[in-house]
Amino acid sequence: MTAKKVKRTPEQGERAMVEGILEGSPDAVGVAVIRLNCGCRKMAAVNIDGEPASKIIMYRDQAETICEQCKEDNGDYMRVTEQFIHWNTPEPDTEKKKTISAKVLGTTEELPQ
Ligand SMILES: [Zn+2]
């Protein structure tokens, strides 16, 4: 049986965006991904110092534009459901990752090993 129609998930779309951002940002060690409760995403490349290495990109998977809510509040942090950094390879060491995460996402949570 051959399944010709591969279902495309929002995560695949997200992944493709991350790859695109990394390609366009030579200084990036990773991409901060912020998922909003409306389904839109906010992303920005970060450099080794935890500074932005690209513009903040907002997008909605398989849609022309972001949703009305996001246009209004620009993806308010109150609506964030999940945020993490997708690290480029080779990844920075754990300590560095912690520092960058704290700076970028404002969290001191332990990173999964
Ligand atoms: Zn939205």
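Okay, ground rules. Residues are numbered from 1 along each chain as its sequence is written, and side-chain values use heavy atoms, with hydrogens and water left out. As the model is predicted, local features need pLDDT of at least 70 and side-chain atom pairs count only at pLDDT 80 or more, while totals for chains, interfaces and linings use all residues.

Let's start with the overall layout. The protein chain has 3 helices and 4 strands; these are DSSP runs, H or I of at least four residues for helices and E of at least two for strands, numbered from the N terminus. Reading from the N terminus, the order is α-β-β-β-α-β-α. The chain has 113 residues, and 35% of them count as buried. Buried here is under 20% relative accessible area, exposed is over 50%, and partly exposed is in between, using a 1.4 Å probe and protein chains only.

Now the sheet. The 4 strands make an open, antiparallel sheet in the order β3-β2-β1-β4, where two strands pair if DSSP finds at least two bridges between them. On average, neighbouring strands are turned by 20 degrees against each other, direction ignored. Those angles are between axes, which are lines fitted to C-alpha atoms (for helices over the stretch in contact), and run from 0 to 180 degrees between N-to-C directions. Helix α3 (residues 94-105) packs on the sheet and touches β1, β2 and β4, with its direction at about 145 degrees to that of β4. Contact, by the way, is heavy atoms within 4.5 Å.

What about the zinc ion: which residues are its protein donors? They are Cys 38, Cys 40, Cys 67 and Cys 70, each through SG, at 2.2 to 2.3 Å. A donor is an N, O or S atom within 2.8 Å of the metal (3.2 Å for Na, K and Ca), and since water is not among the atoms, sites may look incomplete. The site is tetrahedral, with angles of 100 to 115 degrees among the 4 donor atoms; for four donors, that label asks that all angles lie between 85 and 135 degrees. In sequence, the spacing is C-x1-C-x26-C-x2-C. Cys 38 sits in the loop between β1 (30-36) and β2 (40-46), and Cys 70 in helix α2 (residues 68-73), so this pair ties together parts 32 residues apart in sequence. Cys 70 is buried, at 1% relative accessible area, while Cys 40 has Arg 60 in β3 as its bridge partner.

Met 58, in strand β3, also contacts Cys 70; among its other contacts beyond four places in sequence are Leu 36, Ile 66 and Gly 75.

On to the largest nonpolar core, which has 9 residues, including Val 18, Val 33, Met 43 and Tyr 59. Such a core is a set of buried Ala, Val, Leu, Ile, Met, Phe, Trp, Tyr and Cys residues joined through side-chain atoms within 4.5 Å. Its largest share, 3 residues, comes from α1.

Most residues other than glycine have a negative phi, and most peptide bonds are trans. Thr 89 and Pro 90, though, are joined by a cis peptide bond, omega about -5 degrees. Gln 62 has a positive phi of about 55 degrees and is exposed, at 62% relative accessible area.

How values were computed. Tetrahedral: all angles 85-135°; square planar, octahedral: opposite > 155°, others 65-115°.
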